[in-house]
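Please examine the sequence and the structure shown here. The paragraphs that follow lead through the packing of its parts step by step.

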Amino acid sequence: MSTEHQQYSTQNQAQTIREYAERRGIRIVKTYSDDAKSGLIIGGRMALQQMIADVESGVADFSVILVYDVTRWGRFQDTDESAYYEYRCRKAGMQVAYCAEQFENDGSPTSTIVKSVKRAMAGEYSRELSVKVFAGQCRLIELGYRQGGPAGFGLRRALLNERGEVKTELKRGEHKSLQTDRVVLVPGPDDEVRTVRWIYSQFLKKGLSETEIATELNARGILTDLGRAWTRATVHQILTNEKYIGNNVYNRRSFKLKRKRVANGPEMWIRSDGAFDAIVEPKQFQKAQAIIAARNRRFSDEVMLERLARLFQRHGYISGLVIDEADGMPSSGAYAHRFGSLLRAYSLVGFTPDRDYRYIEANRLLRQFHGDEIERVIHEITLLGGAVIRNPATDLLTINGEFTASVVVARCRETSSGGLRWKIRFDTGLAPDITIAIRMNRTNTDALDYYLLPQFEMRSKPLGLAEENGLMLDAFRFETLNFFFDMARRVSVSEVTPW
């Protein structure tokens, strides 16, 4: 079931399955249920994955799989995928029965044709629903309402009721609970607003670079909205995001139907200008964009490679992080886009990445990031009333004296074809009950997403992850850590381990 409000509630499905079983004299011995999970991909469908694993490993103590209807395998865009999972179960000797369908799943030509049609209809339903949802989101954007994402430094999210009146300010990780409520951006604390305006002033009037501005902010002890030190990239984001002049811009990137994320051109952006109160004068913003555009326009392929070669000579090695933090350089993303991948750009200037050199600076920043994340976990659990003991030698966290947790950081690596890979190395010697694995973004400067892995997922060898991981694991965004924090507050280790 993907949402709480639909006819396919897990309770309705369970009732229909029970009635079918009673009529057929079947005894239900186990239930696999994926609540509030999308049927577009199998990633995240942990119960379905577990069922297939039980069936294929021979540990299943049943011989019939009862499914509500054909669509419950999933509304996959490739109709063969749904058939594939059913086939794997039947290949392992399982009978598959559909309890709410008007046909017997007996392998006859009729059942085969009907299942194929229903699978195609399920995929088409998702496509049509995606179009409708996207149209609704675009309409809300045009009306000036915020759609997802943190507010950012200097801004806050305000919750409005159906009359447009401000109800409250949403804190990070909080979401609206009523469909009639709406969210808008409003200016944040005065000190943050002053800092944003100061950034523009230093960039436009004094001609300081993003790196110089970041250095000054760090020297003053000012932190970002995430409580971290400033970098060239975080300053650049403030200088280029239209939300600071009150514009509501949407669809810069797409992730429709759980497909690969793509960056859309400006012609595909959905926008509402002047939707929010601006904290930066539009003229200042446009001047900043002109400076940045002029800085980027003058970079031909030859100039980009020349600058990359000089950077290589200066440091003795290059990486995405080194490129992004260097003044007067195009971004690492620009190099990857222009030359197909960062590795190809490296090869054109005679640099062969060597682990010992390429990750020297990244290692230092990742060690600092790891320590910051541990402190963040301790802080959040403490706020919820939990008690945390940190082992100073191993960083293992003991929570409420009941279970242990380990925080590991997985560096992002780029393949020769431009794909991204991560390796999660478990603290097997510590044997924590839960591992919080953090995947870093492409430049290894910030968290991409988080995984919560119970002890039975641990293995002696590193766990390799790609951008799309299929059957392997379920990725949780940062907000999902609230579930972990709540669990840290109220459950015992005996309840944690099976999860």
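In this predicted model, helix 6 and helix 7 pack with their axes 8 Å apart, at an angle of about 110°. Angles of 65 to 115 degrees count as roughly perpendicular, and the two helices, helix 6 and helix 7, are therefore roughly perpendicular to each other. On the side of helix 6, the residues that meet the partner are E210, T211, I213, A214 and L217, and helix 7 contributes R232, V235, H236 and L239. Sorted by class, this contact of helix 6 with helix 7 comprises five nonpolar, two polar and two charged residues.

Attention may now turn to the nonpolar cores. The largest nonpolar core has 28 residues, and V196, I199, Y200, W230, V235, I238 and Y244 have the most contacts inside it. Two or more residues come from each of strand 3 (155–160), strand 5 (182–187), helix 5 (190–204), helix 6 (210–219), helix 7 (232–240) and helix 8 (282–297). Of these elements, helix 5 gives the most to the core, namely six residues.

When neighbours within four places in sequence are left aside, I199 is in contact with I213, L217, W230, V235, I238 and L239. A second, separate core has 19 residues, among them F369, V388, I399 and I438.

D449 lies in strand 16, which spans residues 447–454. Is D449 buried or exposed? Buried means under 20% relative accessible area; D449 has a relative accessible area of 3% and is therefore buried. The side chain of D449 makes a polar contact, at 2.8 Å, with the side chain of R439.

Technical notes. Residues numbered from 1 in each chain as written. Predicted model: local features only at pLDDT ≥ 70, side-chain atom pairs only at ≥ 80, totals over all residues. Heavy atoms only, no water. Core = buried A, V, L, I, M, F, W, Y, C linked by side-chain atoms within 4.5 Å. Buried < 20%, exposed > 50% of the residue type's maximum accessible area, 1.4 Å probe, protein only. Helix = DSSP H or I, 4+ residues; strand = E, 2+ residues; numbered from the N terminus. Contact = heavy atoms within 4.5 Å. Axes fitted to C-alpha atoms, helices over the stretch in contact; angles between N-to-C directions. Parallel < 35°, antiparallel > 145°, perpendicular 65-115°, else oblique. Nonpolar A, V, L, I, M, F, W, Y, C, P; charged D, E, K, R; others polar. Polar contact = N/O pair within 3.5 Å; in protein donor to acceptor, adjacent residues only side chain to side chain.
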